[in-house]
Amino acid sequence: EIGSGLVGSEMCIRDRNKSMKKELIQLLKGKNAYIQTHDFPDPDALATAFALQEYLKYYGLEATICYEGKLERASAIRMLDNFGIQVKGGQTKGALPEDACVVLVDSQNQNSNVTDIGGQKSACIDHHPVHHECEYAYRDIRKTGACATIVASYFVEDGIIPKPNVAAALAYAIKMDTADFTRGTTQKDTDMFAYLFRYADWDLVQNMYADTLELADLSAYEAAIQSIEIYDRVGFAFIPFECQPALIAMISDFMKALDGVDVVIVYARQEDGIRFAVRSDEKRVNVGVLLKEMLHGIGDGGGHPAMAGGCISKEIAERLGDTLHETVKRRFMQGIQEMRDGKSIEMRNV
């Protein structure tokens, strides 16, 4: 079994993690518990929430999975039926009861992609960098390629064998969030995937790879391809009409495969402003930091070293007007060059 034969510091870490999870169980015992993902849950968020819900059931605890926003992609919607996930979506601000005990997964309190829908943000399980220091009664934030990896480790450390559909959902999420182990992958991700491989219903995993692209998506790909500009191995693409953030992310992944491109900045016009999806294969260029700093004063963003997202408000986008593209390219190219030169990039205002 994964984890058998651990000695020294590894055994101490395992025992400490097990002790920490007891705190989570005690925290939620007798409470009105909710598991909240970010506003537009992707496979990693859904699988993490689902697996945590099932893990809590082992200890006699019930929790409702919820989110604000919507499921944007057919693949995310398919996950619900394919793996048997029940979620409560589209809440309005303050909809949860005051006594609700909320566990944030694949997200953190005060992040721009997490709407406050009420309740007490009592716990956080996430793998993203911390941008806003918040107090949680239970906190498990660590560097992994997928948040699903963290919850998978809960089953391993407590000796709980996950159900075939739960193991399948977790395995699928790890594959998706690490781009088949090519992006931000850690040893923990591969260990947990090997563990899940034994118990997962692989027919369910295979079902998720059919028909992932919708006909309506092709116009966004066409617009991005026609607008591509490459400067010093940095690719820019603009989509001049509204499309789902998940699709923008897919197009940025698609562009990253281009020969001669190491960093990708895809941005699209949305009803509420301009949304970005940024990718990097260049170790010197941490796009989580890059996006946060380059949008300072005109928007908000952040994420992992190899993958990040953000937005510019509609008001700022309108104020930039015809200078939008020039501003985006100038800011990002300057920040990327500073990173390549080993300098600390500076925040910029409009």
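The dialogue below covers a helix pair, then a sheet.

A: This is a predicted model: local features need pLDDT of at least 70, side-chain atom pairs count only at pLDDT 80 or more, and totals for chains, interfaces and linings use all residues. Residues are numbered from 1 along each chain as its sequence is written, and side-chain values use heavy atoms, without hydrogens and water.

Q: At what angle do helix α3 and helix α5 pack?

A: Two packed helices are described by the angle between their axes and the distance between the axes. Here α3 (residues 74-83) and α5 (residues 164-177) pack at about 160 degrees, with axes 10 Å apart. Helices are DSSP runs of H or I, at least four residues, and strands are runs of E, at least two, numbered from the N terminus. Axes are lines fitted to C-alpha atoms, for helices over the stretch in contact; angles run from 0 to 180 degrees between N-to-C directions.

Q: Are α3 and α5 roughly parallel or roughly antiparallel?

A: Roughly antiparallel (angles over 145 degrees).

Q: Which residues meet?

A: S75, M79 and F83 in α3 meet N165, A168, A169 and Y172 in α5; contact means heavy atoms within 4.5 Å.

Q: In what order do the six strands of the open sheet run?

A: The order is β7-β8-β9-β10-β12-β11, with mixed pairing. Two strands pair if DSSP finds at least two bridges between them. The edge strands, β7 (229-231) and β11 (299-303), each pair on one side only. Neighbouring strands are turned by 15 degrees on average, direction ignored.

Q: How many bridges join β11 and β12?

A: Five, in the antiparallel sense; β12 spans residues 307-313. G303 has A308 in β12 as its bridge partner.

Terms used: Parallel < 35°, antiparallel > 145°, perpendicular 65-115°, else oblique.
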